[in-house]
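Please read the following briefing alongside the sequence and the model, which are shown just below.

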Amino acid sequence: MPKINQVITPKITNDFRLALEDWASWLTNERRISKNTFDSYRRDIYNFINFINEYKGEIPSLSILNTLSPTDFRAWVSSRITDGLSRSSVARAVSSLRNLFRFLDFHGHITNQSLAVIKTPSPSKPIPKPLTEIEALELLRHATDFSSNPWVKARDTAILTMLYGSGLRISEALNLNQGDFSGNQVIKIVGKGQKERVVPVLSIVNQRIETYRNLCPFPREKNKPLFYGLRGGRLNPRIVQRTVRAIRTKIGLPQTATPHSLRHSFATHLLASGGDLRTIQELLGHSSLSTTQMYTEV
């Protein structure tokens with residue numbers, strides 16, 4: 001069992017130390033969290049203990065924890081931000097402390113609800129990592145490099161062209177049926193939350209899908225998948241991910257080159273070409289404009 005007192009400062013009362021040992025035992029033996037998660041919890045709690053030691057000028061004890069006010073907790077959060085922690089790291093630290101306080105409250109060690117009113121900092125949203133236009137086109141050009149089967153080559157090219165040309169999620173593209181695609185200039189997509197949207201289909205996308213369909217040995221029946229796997233079932237997204245991974249390794253694209261990066265590339269390149277942000281929101285199926293606005297930071 002991990003021991004809290006193996007690395008903790010000696011400036012802690014015995015009752016607090018025993019309670020921490022019980023918490024450590026509960027995390028590892030009952031919650032069965034991983035060693036990495038336990039280490040993260042422990043680092044956060046140790047930092048809090050050291051802060052209280054300096055902030056209060058007293059040896060941390062259960063009785064001190066019981067009297068801490070929202071102002072005290074906010075001061076600790078502020079110190080974490082001042083130390084340069086990211087929002088996500090600060091949010092995790094607050095979560096670690098809440099875990100400890102819930103345990104102490106449940107087992108009758110303390111009854112302090114002040115932490116409940118502390119707002120966890122919202123994690124900053126990661127900035128999308130699109131490909132450049134040249135990288136995106138190179139990725140599409142090499143889609144035929146990893147199969148000797150003509151219809152599979154055409155399929156892979158068609159899928160990646162559709163992801164880049166229409167800004168679809170990979171799940172949206174692979175959920176399409178034969179009857180959904182008629183070669184028109186628009187197509188109806190069912191996205192997250194079963195929300196429907198209409199997206200344009202470029203002529204190059206139409207051409208490549210039609211080339212694939214003409215070579216594909218499986219039925220064009222209305223309710224059959226548009227994109228087939230080798231055994232005639234619906235294509236698994238892992239196959240597309242594996243293909244893109246092979247392409248990026250071959251031509252030296254960054255690790256961020258994934259099927260989803262083609263969706264990011266679609267939005268970023270459209271915005272850079274003068275596309276309206278609200279229109280791009282509708283094309284991507286974002287429920288909030290703030291989600292689409294992340295592309296302005298790229």
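The buried residues of helix 11 pack against helix 6 (133–141), helix 7 (150–166), helix 8 (170–174), strand 2 (196–200), helix 10 (237–251) and helix 12 (277–284), where helices (H or I, at least four residues) and strands (E, at least two) are DSSP runs numbered from the N terminus. This is a predicted model, in which local features need a pLDDT of at least 70 and side-chain atom pairs count only at pLDDT 80 or more, whereas totals for chains, interfaces and linings use all residues. Residues are numbered from 1 along each chain as its sequence is written, and side-chain values use heavy atoms, with hydrogens and water left out.

**Helix 11**

- The buried residues of helix 11 are Pro259, Ser261, Leu262, Arg263, His264, Ser265, Phe266, Ala267, Thr268 and His269.
- Helix 11 covers residues 259–272, and at 1.5 Å a residue its 14 residues should span 20 Å, which agrees with the 20 Å between its end C-alpha atoms; the expected span is 1.5 Å times one less than the number of residues.
- Glycine 274, which follows helix 11, has a positive phi, near 100 degrees.

**A residue of helix 7**

- Threonine 157 is found in helix 7 and, at 11% relative accessibility, counts as buried.
- When its neighbours within four places in sequence are left aside, threonine 157 is in contact (heavy atoms within 4.5 Å) with Ala143, Thr144 and Arg208.

**Salt bridges**

- A search of the whole structure finds 13 salt bridges, each defined as a side-chain nitrogen of Lys or Arg within 4 Å of a carboxyl oxygen of Asp or Glu.
- Glutamate 172 and arginine 169 meet through their side chains in a salt bridge of 2.4 Å, N to O, and both glutamate 172 and arginine 169 are buried.
- A salt bridge also joins arginine 213 to glutamate 210, with the closest N and O atoms 3.9 Å apart; these two residues are three residues apart in helix 9 (residues 203–215), and are therefore separated by about one helical turn.
- Arginine 213 counts as buried at 11% relative accessibility, whereas glutamate 210 is partly exposed, with a relative accessible area of 28%.
- Glutamate 210 forms a salt bridge with arginine 220 as well, the closest N and O atoms being 2.9 Å apart; glutamate 210 lies in helix 9 and arginine 220 in the loop between helix 9 and helix 10, so the pair ties together parts that are 10 residues apart in sequence.
- Arginine 220 is partly exposed, with a relative accessible area of 40%.

**Aromatic rings**

- The structure holds 11 aromatic pairs; rings of Phe, Tyr and Trp (its six-membered ring) pair if their centres lie within 6.5 Å, and planes under 30 degrees apart count as stacked, over 60 as edge-to-face and the rest as tilted.
- The rings of phenylalanine 51 and tyrosine 55 are stacked, because their centres are 4.9 Å apart and their planes stand at 20 degrees.
- Both phenylalanine 51 and tyrosine 55 lie in helix 2 (residues 35–56), four residues apart, about one turn of the helix; phenylalanine 51 is buried, with a relative accessible area of 15%, whereas tyrosine 55 counts as partly exposed at 39% relative accessibility.
- Phenylalanine 73 and phenylalanine 101 form an edge-to-face aromatic pair, 5.5 Å centre to centre with 80 degrees between the planes.
- This pair links distant parts of the chain, 28 residues apart, with phenylalanine 73 in helix 4 (residues 70–82) and phenylalanine 101 in helix 5 (residues 87–106).
- Phenylalanine 73 counts as buried at 1% relative accessibility, and phenylalanine 101 is buried with a relative accessible area of 5%.
- A cluster linked by ring pairs contains Trp151, Tyr212, Phe218, Phe227 and Tyr228.
- The charged end of lysine 250 sits over the ring of phenylalanine 146, 5.7 Å from its centre; the criterion is that NZ of Lys or CZ of Arg is within 6 Å of the ring centre and within 35 degrees of the ring normal.

**Confidence**

- The protein averages a pLDDT of 90, and 95% of the residues score at least 70; pLDDT is the predictor's confidence in each residue, from 0 to 100.
- Over residues 1–8 pLDDT stays under 50, and for these residues the model has 27 contacts beyond four places in sequence.

Conventions. Buried < 20%, exposed > 50% of the residue type's maximum accessible area, 1.4 Å probe, protein only.
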